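Subject: Structure handover

Hello,

Here is the structure for your set. My notes on charge pairs and surface follow below it.

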Amino acid sequence: MLISLLSILISGGVMAFVVWWFFGRSESQGSATESGNTQNASITVNGGYNPEITTVQAHKPVTLTFRRKDASGCLEEVIFPDFGIQKKLELNGEDIIELPELEPGEYAYSCGMRMYHGKVVVK
């Protein structure tokens, strides 16, 4: 009886965690700052991307600085499929990705295993 009750409690906790993980988390958001004609944004890589969504203005070049704090193999590279960019990220370093002037829209990126995602929203 005690083992059954314990199993039910553990199963309920696991289910609650899964629901929170997939449906309850909010995406972190950030905006680029301007320096001359270029927009700059920093993204911390630590258990995912923070911010997950970076908003920039259309028709201005974008410089993204990735700061990787997470040693996991999955997050050692970032892929921007829309631009053919695949870049290894140095642990505890800063890696810069320059994007051209962009049209309004959303441009997704992910880790090498496509488990963690982020996007650049152009307005």
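Which side chain does Lys119 meet in a salt bridge? The partner is Glu106, at 3.3 Å from N to O. A salt bridge here is a side-chain nitrogen of Lys or Arg within 4 Å of a carboxyl oxygen of Asp or Glu.

First, the ground rules. This is a predicted model, where local features need pLDDT of at least 70, side-chain atom pairs count only at pLDDT 80 or more, and totals for chains, interfaces and linings use all residues. Residues are numbered from 1 along each chain as its sequence is written, and side-chain values use heavy atoms, with hydrogens and water left out.

Salt bridges

The structure has three of them. Side chains of opposite charge can pair when their charged atoms come close.

Back to Lys119 and Glu106, whose side chains form one of these bridges. This pair joins distant parts of the chain: Lys119 sits in strand 11 (residues 117-122) and Glu106 in strand 10 (residues 105-111), 13 residues apart. Strands (E, at least two residues) and helices (H or I, at least four) are DSSP runs, numbered from the N terminus. Lys119 is partly exposed at 23% relative accessibility. Glu106 is exposed at 51%. The cut-offs: buried is under 20% relative accessible area, exposed is over 50%, and partly exposed lies in between (1.4 Å probe, protein chains only).

Arg67 pairs with Glu94, and their closest N and O atoms are 2.7 Å apart. Arg67 is partly exposed, at 26%. Glu94 counts as exposed, at 51%.

Lys88 bridges to Glu76 at 3.5 Å, N to O. Lys88 belongs to strand 8 (residues 85-88), while Glu76 lies in the loop between strand 6 and strand 7 (77-80), 12 residues apart. Lys88 is exposed at 54% relative accessibility. Glu76 is partly exposed at 33%.

Nonpolar patch

Leu2, Leu5 and Leu9 make a nonpolar surface patch of about 350 Å². Patch residues have over 30% relative accessible area and no salt bridge; like charges are joined within 9 Å, and nonpolar side chains (Val, Leu, Ile, Met, Phe, Trp, Tyr) within 5 Å. Areas come from the Shrake-Rupley method with a 1.4 Å probe, and for residues only the protein chains shown count as cover. Leu5 is in helix 1 (residues 2-24). Leu5 is partly exposed, at 48% relative accessibility.

Best regards
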